[in-house]
Amino acid sequence: MHPASYRDTWAEISLDAIEHNARTFKKNLQRGCKLMAVVKADGYGHGAYETARAALRAGAEYLAVALLDEALELRAAGITEPLLVLGYTPPRSVEKAVRAGVTLTVFTTDVLEAVEAAAAVSSRTPARIHLKVDTGMTRIGVRTAEEARSIARQAIQTPGVALEGIFTHFATADSADDTFTREQFRRFMNIVDHISDDGIDIPLRHCCNSAATMQYPDMHLDMVRVGISLYGLLPSVASERDTHPLKPAMQFKTRLVQVKDVEVGTPVSYGGTFIAERPTRIGTIPAGYADGLSRSLSNRGDMLLHGRRVRIAGRVCMDQTMLDITDVENTEEGDPVTIFGKSGDAFLHVDEIAELMDTINYEVVCLIGKRVPRVYLYKGKPAASVNHLIGEIPAQDSPS
Ligand SMILES: Cc1ncc(COP(=O)(O)O)c(C=O)c1O
């Protein structure tokens, strides 16, 4: 049984938007290039399972997560498609991965040896691996052609192990300056060529994230790894491209649980950092920083109520936040509030919140807590979901 939610705060996720975004990427890929949908961190907060399903429906051929735990969760939920763990998997967990048919990223011999040992005892072979090359991110991966060749040679000599892929990750693909990305690509291709000189053919060479996929079609190679833009968000402050019209998939919603009129001089929330300078109407919403609504938005962030902007009044608390709703007419308890997303004709973009928080949109969506139920919409209607909200989604706020 999946847990139900009785609270008046939810994240509304359009699976239609995710399908649209995945299809948009598919349409723009170079011939023969596969789409890998990156659904790590619970699908960037959107729900890994539902996102994966939507991306697969739209034609994605491969999935990626950061950790083996995430991969096993997807397998347990019934996802049987190819699935790569992008991060490090400790040797002690490798057998579990191989038995689950999960593709592993390898860049050290101890992990490769664990894959070899697991392949020898598992019926789920070949054990698929992708070799990670560090071309400038300075995070994980082999750094030299010698290291890469040595791991590749060892891998192809082992029965039951398939060296299916080789990949690298760009550090500055979302920047307007292409110099470093081109240099990373050059380093990557140089290593790929060295391996191929040894007579080793690796079928899936991949390096592009969302930004690079949109910006550098010449680097698509055999597969691209699209994360943030699958969710309809742009990887940088760069403006949207005509070729990739994206639809943000998530809206974050709540409702007023109390409305009160306070007199001049009334302090609001912890520390009394907001003091009413006029007769003020305060609306309280049941969402706070434990839900991913950052405390740094205190007295600075806006939300939407009846299509109008309202400002956060005082400090964001752990579970509740107050809004100055004085300027919006006819407000009452139960009215829907949009933390980000659509309200009437108005739209508050997650990028605006990211900027106020001095961070990137990735972090804002990832921060939305586990206790916020995800409500899925498919073909414009509420869909079966892992969590579901008790009660109706306000009609006026349903995506069109
Ligand atoms: C190795 C790797 N590939 C692909 C991605 C997807 O990147 P993006 O979300 O910018 O598309 C990530 C995300 O951080 C990553 O770590």
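Predicted model: local features only at pLDDT ≥ 70, side-chain atom pairs only at ≥ 80, totals over all residues.
**View 1. Helix H6 and the elements packed around it.** Helix H6 covers residues 109-121, and its 13 residues reach 19 Å from the first C-alpha to the last, which is close to the 18 Å expected at 1.5 Å a residue. Among the residues of H6 that are buried are Val111, Leu112, Val115 and Ala119, and the list of buried positions also includes Ala114, Glu116 and Ala118. An α-helix has 3.6 residues a turn, so residues three or four places apart point the same way.

View 2. The residues around the ligand are Lys40, Tyr44, Leu86, Arg139, His169, Asn209, Ser210, Arg225, Val226, Gly227, Ile228 and Tyr362. Oxygen atoms of the ligand lie 3.2 Å from a polar side-chain atom of Arg139 and 2.6 Å from a polar side-chain atom of Tyr362, whereas for Ile228 it is a polar backbone atom that lies 2.8 Å from an oxygen atom of the ligand. Taken alone, the ligand exposes 390 Å², and the protein buries 91% of that area.

**View 3. Histidine 244 in its loop.** Histidine 244 belongs to the loop that runs between strand S10 (223-226) and strand S11 (250-255). With a relative accessible area of 4%, histidine 244 counts as buried, because that value is under 20%. When its neighbours within four places in sequence are left aside, histidine 244 is in contact with Thr24, Phe25, Asn28 and Met214.

Methods:
Residues numbered from 1 in each chain as written. Heavy atoms only, no water. Helix = DSSP H or I, 4+ residues; strand = E, 2+ residues; numbered from the N terminus. Expected span 1.5 Å × (residues − 1). Buried < 20%, exposed > 50% of the residue type's maximum accessible area, 1.4 Å probe, protein only. Near = heavy atom within 4 Å. Polar contact = N/O pair within 3.5 Å; in protein donor to acceptor, adjacent residues only side chain to side chain. Areas by Shrake-Rupley, 256 points an atom, 1.4 Å probe, with all protein chains shown as cover. Contact = heavy atoms within 4.5 Å.
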